[in-house]
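Take a look at the model below.

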Amino acid sequence: MSSKVVDVAERQILRKDILSILAETDEQGATTKVLKAVLLKFGYSVSDLSVNLELKYLAGKDLVRMEIVANQALGIKREV
């Protein structure tokens with residue numbers, strides 16, 4: 001099996017696991033930091049960039065929705 005095929009398969013499994021994690025959160029959602037921590041528990045070693053790329057891919061397929069959540073008084077801004 002070629003390296004590219006393995007990479008694609010690994011990314012598909014990662015996406016499935018991201019969707020599973022998000023399904024557990026219901027409509028509360030999760031930040032990239034939370035997703036990364038749970039994926040670490042699943043045995044993944046992924047960067048914030050990797051998680052963001054997969055989330056953007058899934059959002060492009062209308063499988064997830066990403067929102068900016070902010071509180072100006074506290075100076076908090078996060079993508080959920």
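What follows goes from the whole chain down to single contacts.

This is a predicted model. The protein has three helices and two strands. Starting at the N terminus, the order is α-α-α-β-β. Along the principal axes, the C-alpha atoms fill a box of roughly 55 × 25 × 20 Å. The chain has 80 residues, and 24% of them are buried. Take the contacts between residues at least 6 apart in sequence: 40% of these join residues at least 24 apart.

Now the surface and the charges. The accessible surface comes to about 6100 Å². Carbon and sulfur atoms account for 54% of that surface. The protein carries 12 positive and 11 negative side chains. The centres of these two sets lie 5 Å apart.

Next comes the core. In soluble globular proteins, nonpolar side chains tend to be buried together. Here the largest nonpolar core holds 13 residues. Within this core, Ile 18, Leu 22, Leu 35 and Leu 39 touch the most other members. Helix 1 (3-24), helix 2 and helix 3 (48-60) are the elements that each give two or more residues to this core. Helix 1 provides the largest share, with four residues.

Ile 18 shows some of this packing. Leaving out residues up to four places away in sequence, Ile 18 touches Leu 35, Leu 39, Glu 54, Leu 55 and Leu 58.

Finally, turn to Asp 17, a residue of helix 1. Is Asp 17 buried or exposed? The cut-off for buried is under 20% relative accessible area. Asp 17 has a relative accessibility of 12%, so this residue counts as buried. Which residues does Asp 17 touch, not counting those up to four places away in sequence? They are Leu 39, Phe 42 and Tyr 44.

Technical notes
Residues numbered from 1 in each chain as written. Predicted model: local features only at pLDDT ≥ 70, side-chain atom pairs only at ≥ 80, totals over all residues. Heavy atoms only, no water. Buried < 20%, exposed > 50% of the residue type's maximum accessible area, 1.4 Å probe, protein only. Contact = heavy atoms within 4.5 Å. Areas by Shrake-Rupley, 256 points an atom, 1.4 Å probe, with all protein chains shown as cover. Lys, Arg positive; Asp, Glu negative; His and termini not counted. Charge placed at Lys NZ, Arg CZ, Asp CG, Glu CD. Core = buried A, V, L, I, M, F, W, Y, C linked by side-chain atoms within 4.5 Å.
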